[in-house]
Amino acid sequence: MPPSTQKPHLFTSMQHLLTNRERNSSRRRLSLSTPTSTDFSSNDFLSLSTSSALRTAYLAELTASSHIPLGSGGSRLLDGNSTYAEDIEKDIAEFHNAPAALLFNSGFDANSGIFSCLPQLGDVVLYDEYIHASVHEGMKLSRAGVRRKFVHNSVKEFTRVLGEVVQRDELVREGKRNVFVAVESVYSMDGDVAPIVEILDILDNRLPLGNGHLIVDEAHSTGVFGDHGRGLVCALGVEDRVLVRLHTFGKALSSGGAVVLCPPIMREYLINYARSLIYTTAMGLPTLAMIKTVHRFIRQGETQSAQKQLWYLISYLNEKLLQLPDTPFLDVPKEPSKSPIFSLVTPYPRSLANFCQSKGFVVRPIVPPTVPEGGQRVRVCLHSGNTTSEVDQLVELVRIWIEKQHGAESEDPSTTLKASRGHGGVNSARL
């Protein structure tokens with residue numbers, strides 16, 4: 001009998017879902033940027049991925065470590081551990097003023113490992129509504145009895161939600177049930193900064209028996225905030241008050257992998273219970289050598305000038321964006337960005353992004369489901385390697401695009417949707 005030419009039901013279902021996303025302008029695709037384009041999209045905040053000095057140091061480290069096998073050969077609990085990896089963990093813990101450190105293959109693995117096994121049976125997890133998807137993956141697998149979100153970066157709403165938990169749960173009041181709070185130091189889509197000190201003060205006040213624990217994902221603050229790029233927690237001087245910190249190496253540090261900073265007992269607990277660590281092959285020498293090299297690089301002050309230039313450019317772009325005209329097509333943040341990430345809210349993110357890309361400037365449209373319904377925007381990321389001239393050109397392109405939209409509106413006013421910043425994002429349909 002000849003094979004059937006009919007598509008299996010599975011493929012038909014897949015195509016239906018992809019078609020729906022295509023219709024809603026939310027289908028994801030892999031793309032390539034031209035080598036000559038100007039990067040305003042990646043998370044390479046310190047421009048280390050193109051640093052010849054870092055590349056030379058990395059190759060030298062690989063040569064010096066030629067006696068170490070290239071591959072780890074297994075998970076860290078079997079044959080994948082090494083003195084080399086453990087020494088890196090000790091150095092990173094010391095650099096961040098942390099009691100202990102544990103490497104993970106990625107930030108996603110680290111977050112899913114933390115939140116799947118750290119909450120004990122019946123514990124409570126409160127999380128910012130914009131927390132990373134990896135935290136949600138971990139919470140799904142956890143034994144937590146309560147998982148509640150609070151309005152993004154709202155101290156008032158966090159206080160209210162925590163108060164309800166305390167009022168309803170006697171074990172929480174008695175300090176016999178833990179409350180974990182999950183935030184990001186810098187949020188990847190909006191670029192805003194978490195009110196870490198305020199949250200810590202509220203936890204101390206409402207949970208005086210010490211059963212309130214803050215977990216901070218520092219993925220987008222690593223290398224950017226604090227002395228030598230140690231992150232926001234170190235910049236605030238609250239290392240001793242935060243239970244867990246997660247730093248990733250694939251953004252500003254131009255490497256790969258992640259590290260969890262935590263008490264020694266928690267490190268041992270994760271080694272025994274974090275499935276994303278236990279059941280995966282450990283990082284090999286090429287990745288470990290890069291992690292070691294880039295941390296030596298930042299400890300020696302090699303990135304301080306880049307960090308300083310980045311913050312200058314942040315201030316510069318803030319000023320330039322405020323000079324754009326008021327328009328229903330783009331809502332520029334009135335408050336200055338406090339990070340290298342800028343969110344240009346617009347009902348037409350693909351149109352704006354495509355226009356900039358056609359002129360050689362790489363920015364990305366962000367649409368649901370990556371951001372909440374109505375939260376369409378163009379995400380702009382600054383890098384220390386960008387120039388003020390490039391920033392000027394990008395802002396001018398945005399200005400020209402706005403003028404083009406007004407021209408199109410005059411021809412057909414019924415097509416206009418209005419950009420509106422605020423909780424929930426743009427007031428428009430999915431585009």
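Analyst: The structure here is a predicted model, in which local features need pLDDT of at least 70, side-chain atom pairs count only at pLDDT 80 or more, and totals for chains, interfaces and linings use all residues. Residues are numbered from 1 along each chain as its sequence is written, and side-chain values use heavy atoms, with hydrogens and water left out.

User: Which strands pair with β7, and in what sense?

Analyst: Two strands pair if DSSP finds at least two bridges between them. Strand β6 (residues 212–217) pairs with β7 in the parallel sense over 3 bridges, and Ile-215 stands opposite Val-244. Strand β8 (residues 258–262) pairs with β7 in the antiparallel sense over 4 bridges; here His-247 stands opposite Val-259.

User: At what angle do helices α6 and α8 pack?

Analyst: Axes are lines fitted to C-alpha atoms, for helices over the stretch in contact, and angles run from 0 to 180 degrees between N-to-C directions. Angles under 35 degrees count as roughly parallel, over 145 as roughly antiparallel, 65 to 115 as roughly perpendicular and the rest as oblique. Helix α6 (residues 155–168) and helix α8 (residues 196–206) pack at about 25°, with axes 11 Å apart; α6 and α8 are therefore roughly parallel to each other.

User: Which residues of α6 and α8 meet?

Analyst: Contact means heavy atoms within 4.5 Å. On the α6 side the residues are Val-155, Phe-158, Thr-159, Leu-162, Gly-163 and Val-166, and they meet Glu-198, Ile-199, Ile-202, Leu-203 and Arg-206 of α8.

User: In what order do the strands of the open sheet with β9 run?

Analyst: The order of the 3 strands is β9-β12-β11, with antiparallel pairing. The edge strands, β9 (341–345) and β11 (364–366), each pair on one side only. Between β9 and β12 (residues 377–381) there are 5 bridges, and Leu-344 stands opposite Val-378 in β12. Helix α13 (residues 304–321) lies across β9 and β12, at about 15° to β9.

Definitions and conventions:
Helices (H or I, at least four residues) and strands (E, at least two) are DSSP runs, numbered from the N terminus.
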